[in-house]
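Please read this briefing alongside the sequence and the model.

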Amino acid sequence: MTSDLNREFWDERVPIHTASDFYDVEGFKAGRERLQSFELEDLGDVSGRSLVHLQCHFGLDTLSLARHGARVTGLDFSAPAIEAARKLAAEIGVEADFVCADVYEAPEALGGRSFDIVYVNIGAVNWLPDIRRWAQVVGALLSPGGILYMKEVHPFSWVFGDKDLTVEHDYFAHGSEYEEAGTYTDPDAETVHNRTEEWQHPLGDVLNAVIGAGLTIELLGEHDHQAFPQWAFMVRDGSVYRMPEGIPRLPLMYTLRARKPSP
Ligand SMILES: C[S@@+](CC[C@H](N)C(=O)[O-])C[C@H]1O[C@@H](n2cnc3c(N)ncnc32)[C@H](O)[C@@H]1O
């Protein structure tokens, strides 16, 4: 089910991202925390826990979780991303396993291993056409009693245009093709692979897919800030972006924790 368009798009953006101020790899190497305090609280103590990070990009968040003591595996379908993640792990001397595979092939690619935690973050499920199949994959990867923790862009925030808060998109629309040069770390970057296929998953569809995979939802959080400047007028606040004063707050991210029942 791999989309070649999407893989080429991501492969090309890896070197731009690893060199960007947005990801600040040098700061990360020096010990900068990537995870937000609410995430660490929601996850609880990860020390000694086995964790797989699906769609890990070049591994910054995966390696942050390893710094908190988790035994981590990162999976992504972009070979340059996995190569960069392995290099970064070696440079900072953190043990981590990185596997190049499509998320839908994860159970086989990971040799049938199961994990205490499946971790998914920002900008992941919009690249996947079938949310129910994704949830089944998550369920297959979890050990009994294990948790899915995800932090994602709130699908409601996608109804607005790129420039302002005019409602332009149908919340319930499914797949769309886009063409956009550059990337969120550098909108002016010169890129040639600019076409993508993306899929919108309303919150209800995600929750029902997770419930359908047999998991029990323990926590659903909605957040008024974003991990990237979703609109140019957003104001940076530490490592996140908020609406400027005078603009009503909107749900921009959601967090979800769901557990696979123990027999
Ligand atoms: C927005 S990035 C995730 C970024 C991450 N949250 C971060 O800030 O570093 C999305 C990632 O999903 C990966 N991806 C997209 N479709 C995939 C698929 N079908 N299987 C595996 N990885 C996929 C891309 O290669 C990319 O690294």
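Helices (H or I, at least four residues) and strands (E, at least two) are DSSP runs, numbered from the N terminus. His223 sits in strand S8 (residues 216-223). This is a predicted model: local features need pLDDT of at least 70, side-chain atom pairs count only at pLDDT 80 or more, and totals for chains, interfaces and linings use all residues. Residues are numbered from 1 along each chain as its sequence is written, and side-chain values use heavy atoms, with hydrogens and water left out.

**His223**
- His223 has a relative accessible area of 14%, so it is buried (under 20%; exposed is over 50%, partly exposed in between; 1.4 Å probe, protein chains only).
- The His223 side chain makes a polar contact with the side chain of Thr255 at 2.8 Å. A polar contact is a pair of N or O atoms within 3.5 Å; within protein, one must be able to donate a hydrogen and the other to accept it, and residues adjacent in sequence count only if both atoms are side-chain atoms.
- Leaving aside neighbours within four places in sequence, His223 is in contact (heavy atoms within 4.5 Å) with Phe38, Leu250, Pro251, Leu252, Met253, Tyr254 and Thr255.

**Trp127**
- Trp127 lies in the loop between strand S4 (115-121) and helix H7 (131-141).
- Trp127 counts as buried, at 13% relative accessibility.
- The Trp127 side chain reaches the backbone oxygen of Gly123 at 3.0 Å.
- Not counting residues up to four places away in sequence, Trp127 touches Asn6, Phe9, Trp10, Gln55, Thr196, Glu197, Glu198 and Trp199.
- Gln200 is 73 residues from Trp127 in sequence, yet their C-alpha atoms are 8.6 Å apart.

**Ligand site**
- The ligand is surrounded by 17 residues, each with a heavy atom within 4 Å of it.
- The closest are His57, Asp76, Val103, Asn121 and Ile122.
- A backbone N or O atom of Val103 lies 2.9 Å from a ligand nitrogen atom.
- For Phe77, a backbone N or O atom is 3.2 Å from a nitrogen atom of the ligand.
- Tyr23 places a polar side-chain atom 3.0 Å from an oxygen atom of the ligand.

**Second largest pocket**
- Thr18, Val25, Phe58, Pro80, Glu83, Ala84, Lys87, Leu88 and Glu91 line the second largest pocket.
- Helix H5 (residues 79-92) supplies the largest share of this lining, six residues.
- A pocket is an open set of points on a 1 Å grid over the protein atoms alone, where a 1.4 Å probe fits, with protein on both sides within 12 Å along at least five of seven lines; lining residues have an atom within 4 Å of a point.
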